[in-house]
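Please read the following walk-through alongside the sequence and the coordinates. It moves from charged pairs to strand pairing, and then to a single side chain and the surface.

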Amino acid sequence: MKRTKRKTTTPWTRAGLCFSATLLTSHCAWAVQMTDSSSYGLDVKITAQSEDDRDLGTRSGGDVNGIGIDLRPWVYGKRGNWSGYAMGQAVSATDIIETDTLQQPEDGENAGSGSSDDSRQPDKSYLALREFWIGYSGLTPYPGEELRLGRQRLRNDDGMWRDTNIEALNWTFDTTLLKANLGVAERFSEYRTDIDELSPKDKDRLHIYGDIAAQWTPGHWVGLNVQHARDDGNLNSPGERVDELDKTSTGDLTWVGVQANSDAYNPRNENRLNYWASVTSLTGDRDRLSTQTVGGEEFATGKQSGDVSAWATDLGLRWKFDENWQIGGAYARGSGGGGDEGGDNFEQTGLESNRSTYTGTRSRVHRFGEAFRGELSNLQAATLFGSWQLREDYDASLVYHKFWRVDDQQPIGTSGINAAMQDGEKDIGQEVDVVLTKYFKQGLLPASLSQAIDEPSALVRFRGGVFKPGDAYGPDADSYMHRAFVDVIWRF
């Protein structure tokens with residue numbers, strides 16, 4: 001039976017709207033008082049997207065061609081040790097396109113597919129709340145310390161642990177020689193007028209995390225990351241029908257990682273040779289739902305429970321010829337295997353974007369392909385890249401990826417490809433990405449704000465990838481698929 005899509009806001013969305021309204025009211029009052037630490041503005045983003053075809057020709061749909069406008073009004077205020085921030089969003093487009101680089105691969109992948117449940121299918125136009133938080137910076141005398149409560153951007157440099165907007169209580173300590181984060185986060189709503197339900201993986205999932213990094217010698221960092229995910233969701237009982245919004249796995253998982261780098265994600269560092277290296281272990285227990293298809297519908301048959309013992313690594317080197325040119329290579333592996341239970345399958349935290357400045361420019365590039373957008377789960381990825389930048393005006397990156405499965409009987413987790421794989425084949429495919437950006441001067445921003453925001457006031461960027469599927473997708477898959485974007489961003 002087809003569910004009717006609800007157009008009413010959820011309680012969490014209403015609460016976010018009320019909280020944001022409070023912030024907007026108070027901050028506008030501060031702005032009227034002409035305080036130096038209060039500001040407001042509008043980010044305008046126009047995005048054109050061309051995509052063909054994420055299903056690799058194995059089912060109908062999967063093509064996207066459209067253009068949209070994304071308006072993001074924001075306000076920030078600070079008085080004494082207290083601060084607050086709110087950012088809204090209004091999107092209108094000719095097709096269901098991605099104006100947000102934080103969007104997860106599975107978001108909207110069933111749009112227009114005739115799914116019986118449309119509560120997570122995005123609309124062409126919608127309103128949203130991106131962030132709304134209050135902060136306090138008086139716990140220590142250090143200027144780089146702050147405690148924030150509310151929906152906020154959590155991000156680490158490599159984007160492989162956290163890079164998302166989520167409700168959190170987060171404490172940050174950021175100084176020249178020591179950086180640390182400690183917090184707890186859980187997603188309660190998407191805060192969008194078109195999406196009524198959370199993704200199944202986000203339902204009833206609590207994240208507790210902490211990290212610390214120290215600069216042991218100038219320009220070289222070592223650090224430790226720890227994150228725990230407690231998933232209290234329920235799996236369907238045997239005989240119950242399973243739909244797209246039902247959870248397929250639960251469990252308690254803990255990630256522990258060590259990392260070292262040469263400040264490689266800072267495009268302004270002057271090192272001739274840059275490196276990054278990380279090793280992460282994953283332990284815990286995981287329950288997976290077993291299903292059977294009957295009459296075109298899926299029904300639960302039970303669950304498989306087991307311990308998880310998996311690991312992942314990400315290694316990279318980048319050589320800087322001069323102030324304009326750089327080349328580099330990287331290798332990443334997320335373990336896979338463990339039989340029917342998949343106990344050796346690594347999975348990422350679920351808060352990652354996998355976007356970072358690993359090519360050495362200011363443009364953040366997807367670590368596993370602008371088209372493929374893989375997750376580091378039962379996956380090997382070898383990467384070669386070159387980059388170029390001209391002063392503060394232009395930068396460009398050219399990236400080649402090759403992907404394999406570690407275990408040819410196991411899935412690879414989420415990706416930007418919506419097509420089934422064949423058992424017994426490891427070759428996922430290869431991809432070439434191009435990212436080009438033209439930056440405009442910061443003179444369009446108010447002088448006080450341009451000093452605080454480490455971004456230009458406007459830019460034009462092309463992001464594109466062409467993916468060639470390997471044998472794992474079978475002989476009926478298309479020979480190529482592509483995903484390309486043109487973004488025009490203007491900050492007032």
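**Salt bridges, strands and a surface patch**

Arginine 120 has a relative accessibility of 13%, which means that this residue counts as buried. The model is a predicted one. The partner of arginine 120 is glutamate 190: the two form a salt bridge in which the closest N and O atoms are 3.1 Å apart. Glutamate 190 lies in the loop between strand 7 and strand 8 (205-217), and arginine 120 in the loop between strand 3 and strand 4, so the pair ties together parts that are 70 residues apart in sequence. Glutamate 190 is also buried, because its relative accessible area is 15% and the limit for buried is under 20%.

The structure holds 26 salt bridges. One of them joins the side chains of arginine 130 and aspartate 100, at 2.8 Å from N to O. Arginine 130 belongs to strand 4 (residues 125-136), while aspartate 100 sits in the loop between strand 3 (82-93) and strand 4, so this pair links parts that are 30 residues apart in sequence. With a relative accessible area of 7%, arginine 130 is buried; aspartate 100 is buried as well, at 18%.

Another salt bridge is formed by the side chains of arginine 355 and glutamate 370, with 2.9 Å from N to O. Arginine 355 is in strand 15 (residues 355-356) and glutamate 370 in the loop between strand 16 (365-366) and strand 17 (379-390), so the parts tied together here are 15 residues apart in sequence. Arginine 355 counts as buried at 4% relative accessibility, and glutamate 370 counts as buried at 1%. Salt bridges with shared partners connect Arg355, Glu370, Arg463 and Asp487 into one network.

Strand pairing comes next. Strand 5 (residues 145-155) and strand 6 (residues 163-174) run antiparallel and are joined by eleven bridges.

How is threonine 313 placed, buried or exposed? Threonine 313 is found in strand 13 (residues 297-320). Its relative accessible area is 9%, so threonine 313 is buried. A polar atom of the threonine 313 side chain lies 2.8 Å from the backbone oxygen of serine 278. Leaving aside residues up to four places away in sequence, threonine 313 touches Ser278, Val279, Tyr331, Ala332, Arg333 and Leu376.

A nonpolar patch of about 700 Å² is made by Ile46, Ile67, Ile69, Leu71, Leu436, Phe440, Val460, Phe462, Val486 and Val488. Two or more of these residues come from each of strand 2 (64-79), strand 19 (427-440), strand 20 (458-469) and strand 21 (481-491). The most is given by strand 2, with three residues. Isoleucine 46, a member of the patch, lies in strand 1 (residues 39-52). Its relative accessible area is 36%, so isoleucine 46 is partly exposed.

Technical notes. Residues are numbered from 1 along each chain as its sequence is written. This is a predicted model: local features need pLDDT of at least 70, side-chain atom pairs count only at pLDDT 80 or more; totals for chains, interfaces and linings use all residues. Side-chain values use heavy atoms; hydrogens and water are left out. Two strands pair if DSSP finds at least two bridges between them. Helices (H or I, at least four residues) and strands (E, at least two) are DSSP runs, numbered from the N terminus. Patches are made of residues with over 30% relative accessible area and no salt bridge: like charges are joined within 9 Å, nonpolar side chains (Val, Leu, Ile, Met, Phe, Trp, Tyr) within 5 Å. Accessible areas come from the Shrake-Rupley method with a 1.4 Å probe; for residues, only the protein chains shown count as cover. A salt bridge is a side-chain nitrogen of Lys or Arg within 4 Å of a carboxyl oxygen of Asp or Glu. Buried means under 20% relative accessible area, exposed over 50%, partly exposed in between (1.4 Å probe, protein chains only). A polar contact is a pair of N or O atoms within 3.5 Å; within protein, one must be able to donate a hydrogen and the other to accept it, and residues adjacent in sequence count only if both atoms are side-chain atoms. Contact means heavy atoms within 4.5 Å.
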